[in-house]
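Thanks for coming. Please have a look at the model first.

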Amino acid sequence: MLTLENISKIYQGRLPYQALEDVSFSMSAGEFVAVMGPSGSGKSTLLNLIGTTDSLSSGEVFVNQRPIKALSKNELADFRRTTLGFVFQQFHLLDTLTVEENIVLPLTLGRYGIKEMEQRSDTMLTRLGLKEHAKKRTYELSGGQAQRVAIGRALIHKPKLVLCDEPTGNLDTKSSKEVLQLLAEIRLEEETTILMVTHDALAASYCDRVLFLKDGRLYNELYRPTKQGDFYQQISNVLISLGGTEDDFSSVRFS
Ligand SMILES: Nc1ncnc2c1ncn2[C@@H]1O[C@H](COP(=O)(O)OP(=O)(O)OP(=O)(O)O)[C@@H](O)[C@H]1O
């Protein structure tokens, strides 16, 4: 579904800086993949390049075998609106709108009738366990509820690829687990491909695979074994070999 071929990014400042160098990997439809690495290793740069909010210095990104570079301006706008969904650490919800209005917001930019919007919103609110909160303003929600609204908004238009930047960074352990469980389930139900940047080994252990970046290059890759607890331990070991600090690890253990 997604292929990165030898991508590099050099920021052209007073002193040019190579943030990514020769990164290649592929993701199949419905795969849930985490990207980890120390601060400054190029994780956000990677998301921005795939999300088309920044441009490649070299290499190519293919979505469903189509090179993103070949898209015209209109096609690119259409690609962002229909194929991609975004989830951020700071939920980026609109306080002036209700929960359900936030969730249907992406649909108001497309050609959807009122009835279809209502149906999709209703299904999504139920799926997120937020039906009773539909008419609330977003400042009346807990962090976990707010992030679930943001996930609903990211998924309401049924995007093929969802890019998540530290989606659990502002959440406590319980809310983090709920949000991660939700992402893991939804990608199975909808075959949504999810790429998630995270510092948290616990969050990464919900994924099928973890890619590790170091100094802008792919450093390691782990596939999930049967047990999530084993995966968590393996991820923690790679983080230690990367030179991670205590802050990179969660204190949660699996039985
Ligand atoms: N616009 C820019 N101009 C110049 N250098 C940049 C720019 N954006 C990022 N960088 C540099 O590129 C490198 C990678 O940055 P990036 O934000 O991708 O790292 P990161 O892994 O996401 O870090 P963090 O975990 O701290 O968010 C860093 O050294 C950063 O200083």
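Helix H1 gives the most to the shell around the ligand, with three residues. This is a predicted model, so please keep that in mind throughout. The residues around the ligand include Gly 40, Ser 41, Gly 42, Lys 43, Ser 44 and Thr 45. Tyr 11, Gly 13, Tyr 17 and Ala 19 are also among them. Two elements give two or more residues to that shell: strand S2, residues 17–27, and H1, residues 43–50. By class, the shell has eight polar, three nonpolar and one charged residues.

Now the sheet. It is open, with four strands in the order S2-S1-S4-S5, and the pairing is antiparallel. S2 and strand S5, residues 66–67, each have a single partner strand, so one side of each is left without a neighbour in the sheet. Between S2 and strand S1, residues 2–11, there are seven bridges.

How does H1 sit relative to S2? H1 runs at about 60° to S2, and lies across S1, S2 and strand S4, residues 58–63.

Next, helix H3, residues 99–108. Its buried residues are Val 99, Glu 100, Asn 102, Ile 103 and Val 104. The cover over them includes helix H4, residues 114–128, and helix H5, residues 143–155.

Last, the annotation. An unreviewed UniProt entry lists residues 2–240 as "domain: ABC transporter". In the model, that span is 38% helix and 26% strand, and its end C-alpha atoms lie 29 Å apart.

Conventions:
Residues numbered from 1 in each chain as written. Predicted model: local features only at pLDDT ≥ 70, side-chain atom pairs only at ≥ 80, totals over all residues. UniProt positions renumbered as here; feature names shortened; annotations may be inferred. Near = placed C-beta within 6 Å. Nonpolar A, V, L, I, M, F, W, Y, C, P; charged D, E, K, R; others polar. Buried ≥ 20, exposed ≤ 12 C-beta atoms within 10 Å, placed from the backbone. Contact = placed C-beta atoms within 7 Å. Pairing = 2+ DSSP bridges. Axes fitted to C-alpha atoms, helices over the stretch in contact; angles between N-to-C directions.
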